[in-house]
Amino acid sequence: MKDRFLQQTKREYGPNQRLAALAVEAVFFIGILPLALLLLGGLFDQWLGWPKLRLPPVNAIVGALLIATGWGLGIWSVHVQFTLGRGTPVPLMATQRLLICPPYSHCRNPMALGAVVLYLGVSVAAGSPGAALLWLLGAAALLTYIRLVEEQEMVARFGEEYLAYRRRTPFIIPKLRRRG
């Protein structure tokens, strides 16, 4: 099974096929997932009797800044995967080369960082403790999956090149680099 998956990741898809995959992903990650976060978070708030944490206009400003930052980082990451890596975030349409240029030179998982920041922004904008709880659980699950599954797949695909990259590049939190 693992060998079959690795063989599948070597297949290169054309731009139209990759765009179609990205369109499907966009509906889920930009539409369905934030809506589910808001709806389920609101249900948790009601069920547990948690009050909304609204501090107008703080929720709107901080939430919008987080959403915009996460969105920008996610779009930048996908653009680099699509153009330079000739792949997509879809594991079966994986990048064809190891990406070590920005934003991937700042942290190994800038798209995951972008998603975590974006969904935190949705939770903050909504002022929902339930959505924040779901965000925390989702972020923990995502980062655990990346550590346990995706990183092993990267080692299998790229070997020592990935291991060297992993040694010098932080997992999720970018390092503040000293200049000069």
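**Entry 1: the chain as a whole.** I began by noting that this is a predicted model, and then I looked up its secondary structure, finding six helices and zero strands in the chain. Read along the sequence, the pattern is therefore written α-α-α-α-α-α. I took the extent along the principal axes and found that the C-alpha atoms fill a box of roughly 50 × 45 × 30 Å. The chain has 180 residues, of which 36% count as buried.

**Entry 2: helix α2.** I asked myself how the span of α2 agrees with what its 34 residues should give. At 1.5 Å a residue they should span 50 Å, and the end C-alpha atoms are 47 Å apart, which agrees. I then looked for a bend and found one of about 30 degrees at I32, with a proline, P34, following within four residues. P34 is also one of the buried residues of α2, and among the others I noted R18, E25 and D45 as well as L22, L37 and G41. The buried residues of this helix pack against α3, α4 and α5. After α2 comes G49, whose phi is positive, near 70 degrees.

**Entry 3: helix α5.** Residues 129-158 form α5, a helix of 30 residues that reaches 41 Å from its first C-alpha to its last, close to the 44 Å expected at 1.5 Å a residue. Where does α5 bend? I found the bend at I146, and it amounts to about 35 degrees. I146 is also on the list of buried residues in α5, which includes P129, G130 and A131 at one end of the list and E153, M154 and F158 at the other. Just after the helix, G159 takes a positive phi of about 60 degrees.

**Entry 4: how α4 meets α5.** Two packed helices are described by the angle between their axes and the distance between the axes, and I looked up both values for this pair. Helix α4, residues 110-126, packs with α5 at an angle of about 170 degrees, and their axes are 9 Å apart. Because angles over 145 degrees count as roughly antiparallel, α4 is roughly antiparallel to α5. On the α4 side I listed A112, V116, Y119, L120 and S123, which meet A131, A132, W135, A139, L142, L143 and I146 in α5. By class, this contact has eleven nonpolar residues, one polar residue and no charged residues.

**Entry 5: N109.** I turned to N109, which lies in the loop between α3 and α4. Is N109 buried or exposed? Its relative accessibility is 11%, and so N109 counts as buried, the cut-off being under 20%. Leaving aside neighbours within four places in sequence, I found N109 in contact with I146, E151, F171 and I172.

Entry 6: K10 is found in the loop between α1 and α2, and I noted it as exposed because its relative accessible area is 58%, where the cut-off is over 50%. K10 and T95 are 85 residues apart along the chain, and yet their C-alpha atoms are separated by 8.4 Å. I looked up A68 as well, which has its place in helix α3 and counts as partly exposed at 48% relative accessibility. The C-alpha atoms of A68 and P170, 102 residues apart along the chain, are separated by 23 Å.

**Entry 7: backbone details.** Most residues other than glycine have a negative phi, and most peptide bonds are trans, so I noted the exceptions I came across. The peptide bond from P56 to P57 is cis, with omega near -5 degrees, and P57 lies in the loop between α2 and α3. A cis peptide bond also joins P102 and P103, with omega about 5 degrees, and P103 lies in the loop between α3 and α4. R86 is found in the loop between α3 and α4, and its phi is near 50 degrees, a positive value in a residue other than glycine. At 32% relative accessibility, I recorded R86 as partly exposed.

Notes. Residues numbered from 1 in each chain as written. Predicted model: local features only at pLDDT ≥ 70, side-chain atom pairs only at ≥ 80, totals over all residues. Heavy atoms only, no water. Helix = DSSP H or I, 4+ residues; strand = E, 2+ residues; numbered from the N terminus. Expected span 1.5 Å × (residues − 1). Bend = angle between axes of the 7 residues up to and from the residue. Buried < 20%, exposed > 50% of the residue type's maximum accessible area, 1.4 Å probe, protein only. Axes fitted to C-alpha atoms, helices over the stretch in contact; angles between N-to-C directions. Parallel < 35°, antiparallel > 145°, perpendicular 65-115°, else oblique. Contact = heavy atoms within 4.5 Å. Nonpolar A, V, L, I, M, F, W, Y, C, P; charged D, E, K, R; others polar.
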